[in-house]
Amino acid sequence: MPTVEIDGKRIEVEDGVTVIVAAERAGIEIPHYCWHPGLSIAGNCRMCLVEIEKAPKLQIACNARVTDGMVVHTQSEKTQAAQKAVLEFLLINHPIDCPICDQAGECKLQEYYMDYDRQQSRVPLSGKVHKAKSLPIGPHIMLDQERCVLCSRCIRFLDEVTKTHELAFYERGDHNVLALAPGQTLDNPYSTNVADICPVGALTNRDFRFRARVWYLERTESLCTGCANGCNIEIYHREGRIFRYMPRFNPEVNQYWMCDAGRMTAYGLQGEGRLLRPLVRGGDAFAVADWTAALAGVGDRLSSLSRAQGRGTIGIIVSARASNEEVFLLRGLATSLAATIAGISWSPPDADHDDLLIKADKNPNTQGLALQDVPLDRTADELLAAASAGTLQALVLCRTDLTAWRDAATVRAALEQVPYVVVLDTDQHETEEYGSVVLPIGTHAEGDGTFTNHAGRVQRFRRAVALPGEAREGWAVLGDLFGRLAGEPAPASAEMVFAALAAEGRAFRDLSYEQLGDQGAAAGSRS
Ligand code: SF4
Ligand code: SF4
Ligand code: FES
């Protein structure tokens, strides 16, 4: 393997590695605009010029491959002069709108100016070439042509990743502009990624722009729940409010990207329909209850029904939106109550999917149910039939609106026959109307847990924002209930629940939160 020396640091890398990547591994930043690790090399911005001993001229680090014994200087006099020259050139026609630009805080032009340039322009302001501003070029993207540094990242993304070719460069010289190809709009399912990779404020996300300055936002590692792919994301939030999802690199799952539909699911998490307090039905109306009374009531009623009526009179239905931890605890409840447990993995019949990331299964944890041997759909249908026949005495519903899954009239008629219905959910929907007790639980952004994606990869999500009202995490509510029924202490954390799941020794054996880390790990086989 070749060894290269960069700014006095020696590093061994594999054959074919570029100088920019070798430097990154050595912890040395080489400024760059056009290079992106998920795209082909364009080599057009020249911001990454470095001095390589024995080379006659400065070389671009993004396209120079290391050779054994190579010596690179990223901060030499010649390199610094080149960096200043490139920045001065890029800024000649750049508009002076940094104070009102929504990319501030994430703009490589601003950052590199401060880090590598800091010189007055020699071109008068009046001499700037003006181009179009604030052009909506698709449902999610706004283009400001003046701010574009012509790096071609967006064009390469649309040529190489989505292969939809909506953007191109037109005109020549200082009139060179990025624009839509004739007759096109930028509305492919992955369009917002171009705003993520644009190094300046030329392409911005219409759903996020001017909603918050990024330096005020906190970031929490999480997962998208829009489909079974389980794309890795960061949730950007502030004071309990979620502002956006951004893709997080995971080479096994989503590379650098995510789809627009998944990104939009961030905005549905904190709607007005959230359930905020435990509710217990008294006659025709619900009354607000405290958690202790509500859970004690549910525990007593379910255990006395189980004792009096025997096996098969209690049903539990959990959707594939529940976490692995919640499913594990529901299985425990099913065992101690001699109840029948069933899973639902519902997606619209014409759900979109493709070969890139988007899966037709719009649930984040169908595999999690399957790997815990929770029977899907058919058993839930059988429970619904038992309810219709009047043989079901109690039904526990976790993260599932049955009226959205099967014919609503049939579901209503069935639920009316069940004397005791316990609903655990995040949002109000029709099934709650048939609840005897409604228990508000959090979304994946409000708690800890894991999902198993379509390929069997177990991945963690973490609490980003506080739970609304008096809602609690799903695992905590179920752990409390399970503890009451089993006469055991309730688990103190989602991690403890996962450890118990792993200790079962089946598909989750040998896994732990620590081992899952921020990239997840493959579940084993079921046996
Ligand atoms: S719009 Fe952004 S990503 Fe596209 S070429 Fe211009 S600077 Fe590069
Ligand atoms: S592909 Fe699926 S998991 Fe990935 S961002 Fe889109 S909806 Fe979310
Ligand atoms: S990053 Fe190397 S030329 Fe642009």
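Author: On a 1 Å grid over the protein atoms alone, a pocket is an open set of points with protein on both sides within 12 Å along at least five of seven lines. The model discussed here is predicted.

Reader: What volume does the largest pocket have?

Author: Rolling a probe the size of a water molecule over the atoms shows where empty space is left. For the largest pocket, the computed volume is about 990 Å³.

Reader: Which element gives the most residues to the lining of the largest pocket?

Author: The lining has 33 residues, and those nearest the centre of the pocket are Glu106, Arg153, Asp196, Ile197 and Met246. Two or more lining residues come from each of helix H3 (108-117), helix H5 (193-197), strand E10 (203-205), strand E12 (232-238) and strand E13 (241-247). By kind, the lining of the largest pocket divides into 14 nonpolar, 7 polar and 12 charged residues. With 4 residues, the element that gives the most is H5.

Reader: How do the residues that line the second largest pocket divide into nonpolar, polar and charged?

Author: This pocket has a volume of about 820 Å³. It is lined by 37 residues, and Ser319, Arg321, Arg399, Asp425 and Thr426 are the closest to its centre. The elements that give two or more residues to this lining are H11 and helix H13 (474-486). The lining of the second largest pocket divides into 12 nonpolar, 15 polar and 10 charged.

Reader: Which residues lie nearest the centre of the largest cavity?

Author: The structure holds 4 cavities of 30 Å³ or more, and the largest cavity has a volume of about 80 Å³. Its lining divides into 14 nonpolar residues, 1 polar and 1 charged, with at least two residues supplied by each of helix H4 (153-161) and H5. Of the 16 lining residues, those nearest the centre are Cys148, Cys151, Cys154, Cys198 and Pro199.

Reader: Which residues touch the most other members of the largest nonpolar core?

Author: In soluble globular proteins, nonpolar side chains tend to be buried together. In this model, the largest nonpolar core has 51 residues, and the members that touch the most others are Val318, Leu424 and Leu439.

Reader: With which residues is Val318 in contact, leaving aside its neighbours within four places in sequence?

Author: Contact here means heavy atoms within 4.5 Å. With those sequence neighbours set aside, the contacts of Val318 are Val327, Leu330, Ile341, Ala342, Gly343, Ile344, Leu369, Val374 and Cys398.

Reader: On which side of H12 are the buried residues, the same or opposite?

Author: Helix H12 (residues 408-416) has Val411, Ala414 and Leu415 buried. These three cover an arc of only 95 degrees around the axis, so the side of H12 on which they lie is the same.

Reader: What covers the buried residues of H12?

Author: Buried means under 20% relative accessible area. What covers the buried residues of H12 includes helix H10 (378-388), strand E18 (394-398) and helix H11 (402-405).

Key:
Residues are numbered from 1 along each chain as its sequence is written. Chains are lettered from A and ligands numbered from 1 in the order in which they are written. This is a predicted model: local features need pLDDT of at least 70, side-chain atom pairs count only at pLDDT 80 or more; totals for chains, interfaces and linings use all residues. Side-chain values use heavy atoms; hydrogens and water are left out. Buried means under 20% relative accessible area, exposed over 50%, partly exposed in between (1.4 Å probe, protein chains only). The arc is that of the directions from the helix axis to the C-beta atoms. On a 1 Å grid over the protein atoms alone, a cavity is a set of points where a 1.4 Å probe fits but cannot get out, and a pocket is an open set with protein on both sides within 12 Å along at least five of seven lines; lining residues have an atom within 4 Å of a point. Grid points are joined across faces, edges and corners, and a volume is the space filled by probe spheres set on the points. Ala, Val, Leu, Ile, Met, Phe, Trp, Tyr, Cys and Pro count as nonpolar, Asp, Glu, Lys and Arg as charged, and the others, Gly among them, as polar. A nonpolar core is a set of buried Ala, Val, Leu, Ile, Met, Phe, Trp, Tyr and Cys residues joined through side-chain atoms within 4.5 Å.
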